Amino acid sequence: MVKVASGREVVDRMVDDVRTDYTWNRVGRLAKKGAKATPTTAAYYALDKFPIIGWLPRYDPRWIINDLIAGLTIGLMLIPQALSYAKIATIPVEYGLMSSWLPPVLYTIMGSTKDLSSGPTSLIGLTTSEVVTALSSDGYTPQQIASAVAMCMGFYGIIFGFLNLGFLLEFISLPILSGFISAVAITIGLNQMDSLLGEENVGDGTATMIHDIFDQLPSANGYACGVGFGGIVFLTILEKAGKRWGDKYKIVWLLSITRAFLCLVLFTGISYAVNKKFGDDEDSYLFDVVEVESHGIATPEMPPSALISKAFPRSVAAFIGAILEHVAIARAFGVKNNYVSDQTQELCYFGITNFVNSFFHVMGVGGAMSRTSVNSACKVKSPLSGIVTMAVVLVCIYKLSGALYWVPKATLAAIIITAVWPLINPPSTFYRYWKTSLADFISAMIAFWVCLFVSTEIGLASAVGFNIVYVLLRQVFVPVKSISASDRQELSELQLSMDAAHRMPASLPEDVRIFRFGESFFFPNAYRTKTSLMDSIQTHHSPAYSERNGAEATRNWSVQGERHVARLRKKMKITDPSSLPPISIVVLDFTRCNHFDCTAATQLKAFVAELKLYGGKQVELRFTGMSDYVRTRMERAQFPLISEDEVTEQSNDTPRHYHSLAQAIQAPREVREVEVLGEQEKEAVERIERVEEKV
C-alpha cells in the first residue's frame with residue numbers, strides 16, 4: 001500500500017530542501033554580501049566616473065606650462081585634421097571643427113589618461129561615410145546622418161561602459177584589427193584621389209574607384225595635382241626631418257609636429273592669391289576649394305528618431321573600430337608613461353562624449369594616435385591641456401572661418417593620405433601571422449579583403465564569425481594523448497614529471513610567485529589574464545621604484561592605479577603595505593595551456609614590460625610546463641625564450657623555460673645588478689662598502 005504524504009509533510013520537505021540546498025544558500029550569501037557592499041561600491045563607482053576629482057587636488061602648479069604648450073600644439077594639429085576627417089565622412093568640412101571643441105574638455109573631466117587626444121579620426125570618418133552613402137537617399141542631410149551615427153556610437157559606449165561589458169571587445173583579435181585598419185586606410189586613400197588629381201565623377205566601391213581614377217587620369221587638373229603632390233612632398237620632408245633631427249633641434253621638432261597646420265596655412269595662402277585673382281566665382285577657380293561657411297556653434301538639436309533607428313544597426317562597425325582604436329591608444333600610452341588607464345572608464349567617456357556631441361550636428365569622435373603621440377612628446381602632465389585645445393578650436397570656429405574658405409581640396413587630400421599611410425600594416429605583419437598561426441592569418445585576410453571590397457560591417461562580422469567558429473571547434477576537438485603500457489618512453493617521462501612535482505619545496509620564498517594557467521592563453525582572455533597577473537603582483541609585493549625614489553615615485557597626476565591597488569590590498573586584508581616583500585622571481589606554469597596566439601604574445605610582452613617597470617630590471621621571469629606546440633607558437637611570434645641548460649649572453653634578460661615546476665622554483669638565481677637611482681643613494685652605498693671593508 002502506497003502511503004500518500006500529507007500537505008504539511010510536502011511543505012516541510014520543500015522548506016527543508018530549500019534550507020539545505022547549496023544553490024539557494026549561495027544565492028543568499030551573495031545577496032547579503034552584495035547588500036552590505038553596495039553603499040561603498042556605489043561611492044567608488046561614482047568617483048571612478050569622474051577621475052578629475054582624484055587628480056585635480058594633487059595638481060602641481062609647475063605643470064601648467066607643459067599643459068599649455070601641449071594643449072596649444074594639439075589645437076593647431078586638430079584644425080586641419082578636423083577639416084580633413086569631415087571630408088572623409090562626406091559632410092561639410094566645417095562640421096569637423098564643430099565635432100572638435102567639446103571632446104577635449106569632457107576628457108579633462110572623465111579621461112583616465114593624461115596623453116590621449118580625442119576628436120575626429122580617419123577611421124570614424126570612413127565608417128561614417130558608408131552610413132551617409134547608404135541613408136542619404138532617404139532625404140536626410142549628410143550632417144544629420146553623421147550626428148545620428150555619433151549618437152548610436154554614444155549609446156553603444158554608454159551600454160558597454162556603465163555595465164562594465166568592455167571585456168566583450170576582447171573577442172576582436174589583433175589580426176582582425178590589423179586587417180580591418182589596413183583595409184580602411186587604403187579605402188580612405190583611394191577616396192581622396194579624385195580631390196588630389198582634380199578628377200570628377202569617380203564612383204563608389206574599391207574596384208570602381210581604381211578603374212575611374214586611371215580612366216580619368218589624362219583629364220586630371222594639373223593645378224590641383226601641383227597643389228596636392230606639393231602638399232605631400234612638404235609634409236613628408238617635415239616628417240622625415242623631425243625623425244632625423246627633431247631630438248637635436250627643438251625648432252625642427254616643432255615644425256615637424258605642426259606640419260599639417262603649416263601645410264594648411266601655406267597652400268591656403270596660395271589658393272587665396274591665385275583663385276581670388278584669376279577667378280570671379282567658384283566655377284572659374286584654378287582648383288577646387290572647400291568653401292567653409294561657419295556661423296558659430298549650431299543650436300543643439302536631436303537627430304530624427306526615425307533616422308536613429310535606421311542608423312543604429314549600421315553604426316556597429318563605426319563603434320567597434322573607433323573604441324578598439326581608442327582603448328588601444330589609452331593602454332599603450334599608460335604603459336609607456338607609467339600610469340594605469342581604465343578601459344571601462346574610457347568606454348564611459350566615449351559613450352557620453354559621442355552622445356552629447358551628437359546634438360551639434362557632428363561626426364563621431366575617439367582617440368587619435370598621431371595627436372596622442374604629439375601630446376606625450378610635449379611632456380603633457382594632466383588632461384587639463386584639453387581646456388586649452390578647446391579654446392584654440394573655438395577661436396578658429398568664430399574668428400578664422402573666413403580664411404578657411406580658401407583651403408584647397410587637394411591640400412586636405414594630401415593631409416589625409418599622409419596621415420593614413422602609416423596605418424597600413426606592411427606585408428611582414430601578415431607574414432608573421434602566417435608563421436605563427438594559420439587561423440590568425442585567415443581571420444586577418446577575411447577582415448582585410450572583405451572590408452576593402454565589400455563593406456566594413458560585413459568584413460568585421462565575417463572575421464569575428466570565423467574566429468568564433470574556430471574557437472568553438474578547438475574546444476570540441478581537443479586532442480587527447482593515449483599512453484599505454486607499451487609506450488615505455490612516454491611512461492618514463494610521465495613518471496619523471498610526477499617525481500619532480502613531488503619534490504616541490506615545503507615553502508616558497510616570499511619574493512617568489514607562481515601562476516598556473518587553467519586554460520588556453522589566446523585572444524578572448526589575453527588582456528584579462530595579463531591584468532590579473534599584474535594585479536596579484538601589485539597586491540602582494542612592493543614596487544621597486546618606491547624603494548629607490550622614495551616619495552617622488554608616488555608623485556603622479558593619476559590616482560586610479562593607486563586606488564585600484566589599495567582596494568585589492570584592502571580586500572586581502574593587507575593593512576601595512578610597507579611590510580610587503582619585493583618580487584624577484586615570477587614563474588608561469590603552462591602545463592594546462594594548450595593554445596597560444598598572436599594577441600597572447602603581445603599581451604605577454606606587455607606583461608614583461610610592466611613587470612620590469614614595477615619590480616625592477618632584476619626580476620626573473622621563468623616558464624615551465626610548456627608543450628612543444630605552445631613553445632613553437634611563442635617562438636614564431638618572436639617572443640624570446642631559452643632552455644634551462646642553455647648558456648647565452650642574453651640570459652639576464654631572456655626568460656628561461658624549465659622542464660618542471662620544481663626546477664623552475666629551485667633553480668639558482670642569476671646575479672644581476674640592481675639599478676640604483678640618484679647620486680645620494682650611490683654615495684650612501686659606497687660609504688657602506690667602505691665601512692664594511694674596514695671592518
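This is a predicted model: local features need pLDDT of at least 70, side-chain atom pairs count only at pLDDT 80 or more; totals for chains, interfaces and linings use all residues.

Biologist: Is lysine 336 buried or exposed?

Modeller: Lysine 336 counts as exposed, because its relative accessibility is 58% and the cut-off is over 50%.

Biologist: Which residues form the positive surface patch?

Modeller: Lys336 forms that patch together with Lys250, Lys379 and Lys381.

Biologist: What about nonpolar side chains? Which ones form a patch on the surface?

Modeller: Trp245, Tyr249, Ile251, Leu254 and Leu255 do. Together they have about 470 Å² of accessible area.

Biologist: Which helix gives the most to the nonpolar patch?

Modeller: Helix 13, residues 250-257. That helix supplies 3 residues.

Biologist: Where is isoleucine 251 found? And is isoleucine 251 buried or exposed?

Modeller: Isoleucine 251 sits in helix 13. Its relative accessible area is 53%, so isoleucine 251 is exposed.

Biologist: Okay, new topic. How many strands form the open sheet, and in what order?

Modeller: There are 5 strands, in the order 3-4-5-7-6. The pairing is parallel.

Biologist: Which strands stand at the edges?

Modeller: Strand 3 and strand 6, the latter being residues 642-643. Each has a single partner strand, so one side of each has no neighbour in the sheet.

Biologist: Now strand 4. How many of its residues are buried?

Modeller: 5 of the 5, across residues 585-589. Strand 4 is therefore largely enclosed by the rest of the structure.

Biologist: How many bridges does strand 4 make with strand 3?

Modeller: Strand 4 pairs with strand 3, residues 512-516, over 5 bridges in the parallel sense. Arginine 516 has aspartate 589 of strand 4 as its bridge partner.

Biologist: And how many bridges join strand 4 to strand 5?

Modeller: 5 bridges, with strand 5 being residues 620-624. These two strands run parallel.

Biologist: Which residue of strand 5 stands opposite valine 586? And which stands opposite aspartate 589?

Modeller: Leucine 621 stands opposite valine 586. For aspartate 589, it is threonine 624.

Conventions
Residues are numbered from 1 along each chain as its sequence is written. Side-chain values use heavy atoms; hydrogens and water are left out. Patches are made of residues with over 30% relative accessible area and no salt bridge: like charges are joined within 9 Å, nonpolar side chains (Val, Leu, Ile, Met, Phe, Trp, Tyr) within 5 Å. Accessible areas come from the Shrake-Rupley method with a 1.4 Å probe; for residues, only the protein chains shown count as cover. A salt bridge is a side-chain nitrogen of Lys or Arg within 4 Å of a carboxyl oxygen of Asp or Glu. Lys and Arg count as positive and Asp and Glu as negative; His and the chain ends are not counted. The place of a charge is taken as NZ of Lys, CZ of Arg, CG of Asp or CD of Glu. Buried means under 20% relative accessible area, exposed over 50%, partly exposed in between (1.4 Å probe, protein chains only). Helices (H or I, at least four residues) and strands (E, at least two) are DSSP runs, numbered from the N terminus. Two strands pair if DSSP finds at least two bridges between them.
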